[in-house]
Amino acid sequence: MFSIAEYSFVISASSVQEIRSTDSLGGNVVDLDRPVLQKVRHLVERDSRSYYVVSGYEHFHLPLSRPTSVLILRAVPVAVLVDRIEEMAEMRILLGLPRSFCGEERVWYRGLTVLGRKVVPVADPRGFLTAEELQRLEEENPGLLQTASHPVGASRHERERM
C-alpha cells in the first residue's frame, strides 16, 4: 500500500521490482530532452535498465505532493513517484470497478480491494503509461530507453558527444 497526498493505493507486490528512496536515485536520473507528457520528465536507470519516471500525483490528478519513494515496476518500463509506502498487506479480494468509474481511471485500476476498514483502488502497472503514451515518449526521445548510464541533466546531444 502506498499513498500520494492523502490518498491510499495498492499495487501487487509481484508488479514491483524495487522500492527506493528518491534521495538514493542520485546520478541515475536522466532528464528527457522532449517531455511530451506532463507526468513524465525523467528517466531512471537501475541494473542496466531504464524506466520512465511517472509523477504519481500528476498521473492520478491529485494535489501537488512531495514524493519520497519510487516504485520501480517489474514488467513495464515505469518507475512511479509516491509520497510514502504505508504497509505491506495481503490482498484477499479484488473487486471489479463500479460503473461509476467510467473515464481514464478504468485504465489506472485493476479493481478495488478492502484492507482493514478501507476500500482502496488497486493500481494496474500497465495503466501508468499506456502503449500509446510509451510510443509517444519513444518517438520524441528515440533510443533513450535503451541507453546505459548518462550524467544527470545532460541533454541527448551532449550525451552523443561523450
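These legends go with several close-up views of one predicted protein model.

Residues are numbered from 1 along each chain as its sequence is written, and side-chain values use heavy atoms, with hydrogens and water left out. Because the model is predicted, local features need pLDDT of at least 70 and side-chain atom pairs count only at pLDDT 80 or more, while totals for chains, interfaces and linings use all residues.

**View 1**
Helices (H or I, at least four residues) and strands (E, at least two) are DSSP runs, numbered from the N terminus. The chain holds 162 residues, and 46% of them are buried. Buried means under 20% relative accessible area, exposed means over 50%, and partly exposed lies in between (1.4 Å probe, protein chains only). Contact means heavy atoms within 4.5 Å. Among contacts with a separation of 6 or more, 57% join residues 24 or more positions apart.

**View 2. The largest pocket holds about 300 Å³ of space.**
A pocket is found on a 1 Å grid over the protein atoms alone: it is an open set of points where a 1.4 Å probe fits, with protein on both sides within 12 Å along at least five of seven lines. Lining residues have an atom within 4 Å of a point. Grid points are joined across faces, edges and corners, and the volume is the space filled by probe spheres set on the points. The lining has 14 residues, and Thr-22, Val-29, His-42, Val-53 and Leu-81 are the closest to the pocket centre. Strand 5 (40-46), strand 6 (49-55) and helix 1 (56-59) each supply at least two lining residues. Strand 5 gives the largest share, with four. By class, the lining has seven nonpolar, four polar and three charged residues. Here Ala, Val, Leu, Ile, Met, Phe, Trp, Tyr, Cys and Pro count as nonpolar, Asp, Glu, Lys and Arg as charged, and the others, Gly among them, as polar.

**View 3. The second largest pocket has a volume of about 250 Å³.**
Its lining consists of 15 residues. Met-1, Ile-11, Ser-12, Ala-13 and Met-88 lie nearest the centre. The lining divides into 13 nonpolar residues, one polar and one charged.

**View 4. The largest nonpolar core has 31 residues.**
A nonpolar core is a set of buried Ala, Val, Leu, Ile, Met, Phe, Trp, Tyr and Cys residues joined through side-chain atoms within 4.5 Å. Leu-73 and Phe-128 touch the most other members. Several strands each supply at least two residues of this core, including strand 1 (2-4), strand 7 (69-73) and strand 10 (109-115). Strand 8 gives the largest share, three residues. Apart from this core lies another, of eight residues, among them Leu-25, Val-29, Tyr-51 and Ala-79.

**View 5. Tyr-51 lies in strand 6.**
Tyr-51 is buried because its relative accessible area is 3%. Pro-77 is 26 residues away along the chain, yet the two C-alpha atoms are separated by 4.4 Å. Beyond four places in sequence, the contacts of Tyr-51 include His-42, Leu-73, Pro-77 and Leu-145.

**View 6. Arg-74 lies in the loop between strand 7 and strand 8.**
Arg-74 counts as partly exposed because its relative accessibility is 38%. A polar contact is a pair of N or O atoms within 3.5 Å; within protein, one must be able to donate a hydrogen and the other to accept it, and residues adjacent in sequence count only if both atoms are side-chain atoms. A polar atom of the Arg-74 side chain lies 3.0 Å from the backbone oxygen of Val-16. Ser-14 is 60 residues apart from Arg-74 in sequence and 7.7 Å apart in space, C-alpha to C-alpha.

**View 7. Ser-65 sits in the loop between helix 1 and strand 7.**
Ser-65 is buried because its relative accessibility is 12%. Its side chain makes a polar contact of 2.8 Å with the side chain of Asp-83. His-61 is also found in the loop between helix 1 and strand 7. His-61 counts as exposed because its relative accessibility is 54%. His-61 has a positive phi of about 60 degrees, although it is not a glycine.
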